[in-house]
Amino acid sequence: MPNLELASASVGTIPNETIKGRKFMLKRIWLITASVAVFAAIQCAPARAQNCSVGRLPCVYSVKFICGDQSANPNLHLPSEPPVKPGNYATAVNIHNFHQDQKAFILKRAVIANPENQPPGQVSPSRQVALGPGQAFEIDCSDIVSLFPSSSTLPPFIKGFVELRGLPTSPFPTLSVTAVYTAQATTAAGTQGGPVSVEVVPVQPFGGP
């Protein structure tokens, strides 16, 4: 005769094991779903801008500029040459804050580069510029001249560097900096009218203090 107590116990354990198995599967599904959701959120979240650095030093952009008219110098004899051939020259430095969630606070200044046998060129005071996310601005020859308090004493042709760096107390993200150089040859009489050339040069940051 069968043991009814044992049979009842065996039958009673089936639903309990089934429930435990279902709970375990539901828990695994929930963990997998949560992991996928977190991964998707990380992938879809916009990347935050980080401070620009080269090695462990903060970024500094140093952009060459040439502005104005270079006339022929009759006192030079070959093989001596002027810094550039006679002509009219212009520079436009384009700065783009391509990040979507960080403002860039920029200190800009200019320094004139003179020949080695002359006194060092002027260094302008710094001027602050706030560049919002996705915004861009340009520094052209007129802006460079305006950085110097004694701009009226500048010669008709200047060359040097535009310096861009961050504020010591503010984040300074990586920027897209491009220099556009335009040159036009002049005639023998010194008037413009020759061919025009344009060169676009991307600028990489240096590590500076």
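S197 counts as partly exposed, because its relative accessibility is 41%. On this scale, buried means under 20% relative accessible area, exposed means over 50%, and partly exposed lies in between (1.4 Å probe, protein chains only). The model is predicted: local features need pLDDT of at least 70, side-chain atom pairs count only at pLDDT 80 or more, and totals for chains, interfaces and linings use all residues. Residues are numbered from 1 along each chain as its sequence is written, and side-chain values use heavy atoms, with hydrogens and water left out.

S197 lies in strand 9 (residues 192–203). Strands (E, at least two residues) and helices (H or I, at least four) are DSSP runs, numbered from the N terminus. Leaving aside neighbours within four places in sequence, S197 is in contact with Y181, T182 and A183. Contact means heavy atoms within 4.5 Å. S197 also sits 9.7 Å from Y89, C-alpha to C-alpha, although the two are 108 residues apart in sequence.

Now turn to another serine. S124 lies in the loop between strand 4 (104–112) and strand 5 (127–131). S124 is buried, because its relative accessible area is 4%. Beyond its neighbours within four places in sequence, S124 is in contact with R109, A110, L147 and F148.

Next, the aromatic rings. Rings of Phe, Tyr and Trp (its six-membered ring) pair if their centres lie within 6.5 Å; planes under 30 degrees apart count as stacked, over 60 as edge-to-face and the rest as tilted. By this rule there are 2 aromatic pairs. The ring centres of Y61 and F172 are 6.4 Å apart and the planes stand at 80°, so this pair is edge-to-face. Y61 belongs to strand 2 (residues 57–70) and F172 to the loop between strand 7 (157–166) and strand 8 (176–186), so the pair ties together parts that are 111 residues apart in sequence. Both Y61 and F172 are buried.

Y89 and F157 also form an edge-to-face pair, with 6.0 Å from centre to centre and 70° between the planes. Y89 is in strand 3 (residues 87–96) and F157 in strand 7; the pair links distant parts of the chain, 68 residues apart. Y89 is buried, with a relative accessible area of 12%. F157 counts as buried too, at 11% relative accessibility.

The charged end of K64 sits over the ring of F161, 5.1 Å from its centre. The rule asks for NZ of Lys or CZ of Arg within 6 Å of the ring centre and within 35 degrees of the ring normal.

Finally, the pockets. A pocket is an open set of points on a 1 Å grid over the protein atoms alone, where a 1.4 Å probe fits, with protein on both sides within 12 Å along at least five of seven lines; lining residues have an atom within 4 Å of a point. The largest pocket is lined by 14 residues, and N114, P115, Q118, F157 and K159 lie nearest its centre. Strand 7 gives the largest share of this lining, 3 residues.
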